[in-house]
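Please walk through this structure with attention to its aromatic residues and its helix packing. The explanation follows the display.

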Amino acid sequence: MKSLIAETLGLRFSPVAISRVSERPAKALQFKEGRRACAMHLYACAAQGRAAVADRATCGCVGGAAGFGFGDAFQNFPGGLRGFCGFLSSGNADTEEGRAMGESLAARSASFAEHYLHGEGYKRSPELVRQWHDALPFAEAMPSFVSFRPLGGIEEGEAAPELVSFVVDADQLSALVVLANYATPRSDRVTIPFASGCQSVGLLAFAEVASAYPRAVVGLTDLSARKAVRRSLGAGSLTFTMPWKLFREMEENAPDCFFQRHTFRELMGRE
């Protein structure tokens, strides 16, 4: 399966096809159960040309399980949801329970224990994290697997993916934002939420699939995820993830849009 948009933009990485599936794809890379790693490494594998897959137990971390749509896995964070709310904000060192948990975590990872005790500082307070958490679109029906495949590896006749995701730089992102809004009088066909890297290519993007007005989700604004995939995807990269319906609409509009105009061609260094 080819993408005219990807070819026109000259993407460095393969577009990634993302789907919730009931069976594990053959020959797909997968974390070992219990391994701790950033879930976005699985996405990066597909962008680099190799299929990858995750189930609830092989997402690399609790956040990855939640981010890929396997329910409210934050309940399983050390210290439960309260511990997670402290971790993402101001820390857990203000309670005896939090300090004890931090000490136990230090035996496994001094860095993780430091963040657990003193917080990542991504939200001002645990209360704000809780409100953000409560608004997340956790699905009741959870998939067996989430699959990440290079779009070019999908053969004619196969089921279309639920999502298509591009790894882009600033110029490519700008072009995609314009193209996404090309066929509508509105200007809100793209959203940039506060979210983890995996939520932006998983949970939040999957929520757009069922929408009557599906939007693209810009991701990799998560500082932790950027640090994790900086070497594999590049320092200036962001993700642009579209429900299949929007992807097809944009592909159909690509031949008639600004792609052949001077401004875009100059920006791409073709004139």
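In this predicted model, one aromatic cluster is formed by Phe74, Phe77, Phe84, Phe87, Phe112, Tyr116, Trp132, Phe138 and Phe194. Aromatic pairs number 16 in the structure. Take phenylalanine 74 and phenylalanine 138. Their ring centres lie 6.4 Å apart and their planes meet at 70°, so the pair is edge-to-face. The pair joins distant parts of the chain, 64 residues apart. Phenylalanine 74 sits in the loop between helix H3 (62-67) and H4, and phenylalanine 138 in the loop between H7 and strand E3 (145-150). Phenylalanine 74 is buried, at 3% relative accessible area.

A second pair is formed by phenylalanine 166 and phenylalanine 247. This one is also edge-to-face, with 6.3 Å centre to centre and 80° between the planes. Again the pair links distant parts of the chain: phenylalanine 166 lies in strand E4 (residues 163-168), phenylalanine 247 in helix H12 (residues 244-253), 81 residues apart. Phenylalanine 166 is buried, at 0% relative accessibility. Phenylalanine 247 is buried too, with a relative accessible area of 0%.

Now turn to H4. Helix H4 covers residues 80-88. Is H4 mostly covered or mostly open? Mostly covered: eight of its nine residues are buried. Among them are Phe84 and Phe87, which also belong to the aromatic cluster. The buried residues of H4 pack against helix H6 (110-118) and H7.

How do H4 and H7 pack? Two packed helices are described by the angle between their axes and the distance between the axes. For H4 and helix H7 (residues 126-134), the angle is about 115° and the axes are 8 Å apart. The crossing is right-handed. From H4, the contact uses Leu81, Phe84, Cys85, Gly86 and Leu88. From H7, Pro126, Val129, Arg130, Trp132 and His133 take part. By class, this contact has seven nonpolar, two polar and one charged residues.

Threonine 95 is partly exposed, with a relative accessible area of 22%. Its C-alpha atom is 9.6 Å from that of leucine 117, 22 residues apart along the chain.

Finally, look at tyrosine 213. The charged end of arginine 186 sits over its ring, 3.8 Å from the centre. Arginine 189 lies over the face of tyrosine 213 as well, at 4.6 Å from the ring centre.

Methods: Residues are numbered from 1 along each chain as its sequence is written. This is a predicted model: local features need pLDDT of at least 70, side-chain atom pairs count only at pLDDT 80 or more; totals for chains, interfaces and linings use all residues. Side-chain values use heavy atoms; hydrogens and water are left out. Helices (H or I, at least four residues) and strands (E, at least two) are DSSP runs, numbered from the N terminus. Buried means under 20% relative accessible area, exposed over 50%, partly exposed in between (1.4 Å probe, protein chains only). Axes are lines fitted to C-alpha atoms, for helices over the stretch in contact, and angles run from 0 to 180 degrees between N-to-C directions. A crossing is left-handed if the near helix is turned anticlockwise from the far one by less than a right angle, and right-handed if clockwise. Contact means heavy atoms within 4.5 Å. Ala, Val, Leu, Ile, Met, Phe, Trp, Tyr, Cys and Pro count as nonpolar, Asp, Glu, Lys and Arg as charged, and the others, Gly among them, as polar. Rings of Phe, Tyr and Trp (its six-membered ring) pair if their centres lie within 6.5 Å; planes under 30 degrees apart count as stacked, over 60 as edge-to-face and the rest as tilted. A charge sits over a ring if NZ of Lys or CZ of Arg is within 6 Å of the ring centre and within 35 degrees of the ring normal.
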